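Please look through the model below before reading the notes. The points that follow take up its pocket, cavity, core, rings and backbone.

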Amino acid sequence: MIDAHVHLFPDRLFDAVWKWFDENAWVIRDKLYADGVLDRLERSGVRRVVGLLYAHRPGMSDELNRWLGELAARRPVVVPCATVHPLDADVPGILRRAHERYGARLVKQHCHVLGIAPDDPRIFALYESCIELGLPLNLHAGNGPKLPGYSAATDRVSGAARTEAVLRRYPELRLIVPHLGCMEDELFTGLLSRYPNLYLDTSMALADFAPGIGLRGRELLHLHPGRILFGTDFPNIPYELETERRIVEQQPLPPATRRELFHDAAARLLGLLPAPGGETDS
């Protein structure tokens with residue numbers, strides 16, 4: 001099993017993130033720092049953890065990328081991401097360093113946190129750098145959840161229509177939209193048939209845990225095998241880690257679809273499947 005959506009931050013940033021959640025969102029069930037997160041996931045049977053973090057202001061990306069790269073070197077279960085703020089001085093250089101020095105296999109950002117819409121020209125350099133380096137981008141671009149602590153209303157800085165504009169402009173960009181698009185699951189799932197480089201992850205989209213947050217995404221899992229990745233959003237969730245896995249396991253999915261969802265789709269996208277010579281690119 002590959003968990004394609006796990007948050008890993010330095011302790012001080014986890015503390016800040018959890019304070020924000022306490023004030024604006026839900027009560028996180030397991031407030032674990034990075035090593036505790038990895039220990040818990042490994043005990044649950046996860047083989048690889050796609051570690052995600054994001055820069056919420058310019059000037060912090062290089063340090064975050066270094067920290068996550070060093071964690072991945074110490075804990076090989078981690079598949080590290082890179083992050084960059086669109087207003088950083090050297091977006092291409094930051095991502096190249098993270099990829100070449102620290103082994104980043106994808107990039108992460110969050111439109112709600114940035115207060116920048118996916119089709120805003122200020123973010124285009126991020127897309128162009130991802131394409132140049134061959135790195136997928138996990139971008140929170142769906143317009144939910146609608147929480148009070150963001151700097152801008154989510155409808156102004158996200159949504160399926162604005163994301164589709166990006167897919168039209170950058171068809172080479174391998175884009176992962178988390179949470180099945182969060183509150184726009186049917187719209188984003190509909191885009192999968194038109195944009196072959198679009199992927200979704202399931203994180204927090206399958207569990208009905210709060211009014212307006214639980215989605216119907218579980219009914220869509222069989223439609224696009226190979227294009228939907230299983231992720232948990234651990235540890236920033238208000239319920240037990242295994243909740244959504246059990247929901248998936250209860251669905252009448254063919255074995256091949258289940259394997260794509262839990263492992264192969266993410267492994268293929270991130271270059272973790274065995275190479276032609278039989279060696280795993282890990």
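**Notes on the predicted model**

1. Helix H1 gives the most to the lining of the largest pocket, with six residues. Helices (H or I, at least four residues) and strands (E, at least two) are DSSP runs, numbered from the N terminus. The model is predicted, so local features need pLDDT of at least 70 and side-chain atom pairs count only at pLDDT 80 or more, while totals for chains, interfaces and linings use all residues. Residues are numbered from 1 along each chain as its sequence is written, and side-chain values use heavy atoms, with hydrogens and water left out.

2. The largest pocket has a volume of about 640 Å³. Of its 32 lining residues, Trp20, Phe21, Tyr54, Val113 and Tyr150 are the closest to its centre. On a 1 Å grid over the protein atoms alone, a pocket is an open set of points with protein on both sides within 12 Å along at least five of seven lines; a cavity is a set where a 1.4 Å probe fits but cannot get out; lining residues have an atom within 4 Å of a point. Grid points are joined across faces, edges and corners, and a volume is the space filled by probe spheres set on the points.

3. Which elements each supply at least two residues of the pocket lining? They are strand E1 (2-7), helix H1 (11-24), strand E4 (106-110) and helix H5 (111-114). By class, this lining has 19 nonpolar, 10 polar and three charged residues. Here Ala, Val, Leu, Ile, Met, Phe, Trp, Tyr, Cys and Pro count as nonpolar, Asp, Glu, Lys and Arg as charged, and the others, Gly among them, as polar.

4. There is one cavity of 30 Å³ or more. The largest cavity has a volume of about 40 Å³. Among the residues that line it are Met1, Leu41, Phe230 and Arg245. The lining divides into five nonpolar, two polar and three charged residues.

5. The largest nonpolar core has 96 residues, of which Leu8, Tyr127, Leu137 and Leu198 touch the most other members. Helix H11 (residues 255-269) gives the most to this core, with six residues. A nonpolar core is a set of buried Ala, Val, Leu, Ile, Met, Phe, Trp, Tyr and Cys residues joined through side-chain atoms within 4.5 Å. Buried means under 20% relative accessible area, exposed over 50%, and partly exposed in between (1.4 Å probe, protein chains only).

6. The count comes to 12 aromatic pairs. The rings of Phe9 and Phe14 have centres 5.4 Å apart and planes at 80°, so this pair is edge-to-face. Trp20 and Phe21 also form an edge-to-face pair, at 5.5 Å centre to centre and 80° between the planes. Rings of Phe, Tyr and Trp (its six-membered ring) pair if their centres lie within 6.5 Å; planes under 30 degrees apart count as stacked, over 60 as edge-to-face and the rest as tilted. Trp20 is partly exposed because its relative accessible area is 23%, whereas Phe21, at 11%, is buried.

7. Two peptide bonds deserve a check. The bond from Gly144 to Pro145 is cis, with omega near -5°. A cis bond also joins Phe234 and Pro235, with omega about 5°. Pro235 is in the loop between strand E8 (228-229) and helix H10 (243-249).

8. Asp233 is in the loop between E8 and H10. Its phi is near 70°, a positive value in a residue other than glycine. Asp233 counts as buried because its relative accessible area is 7%.
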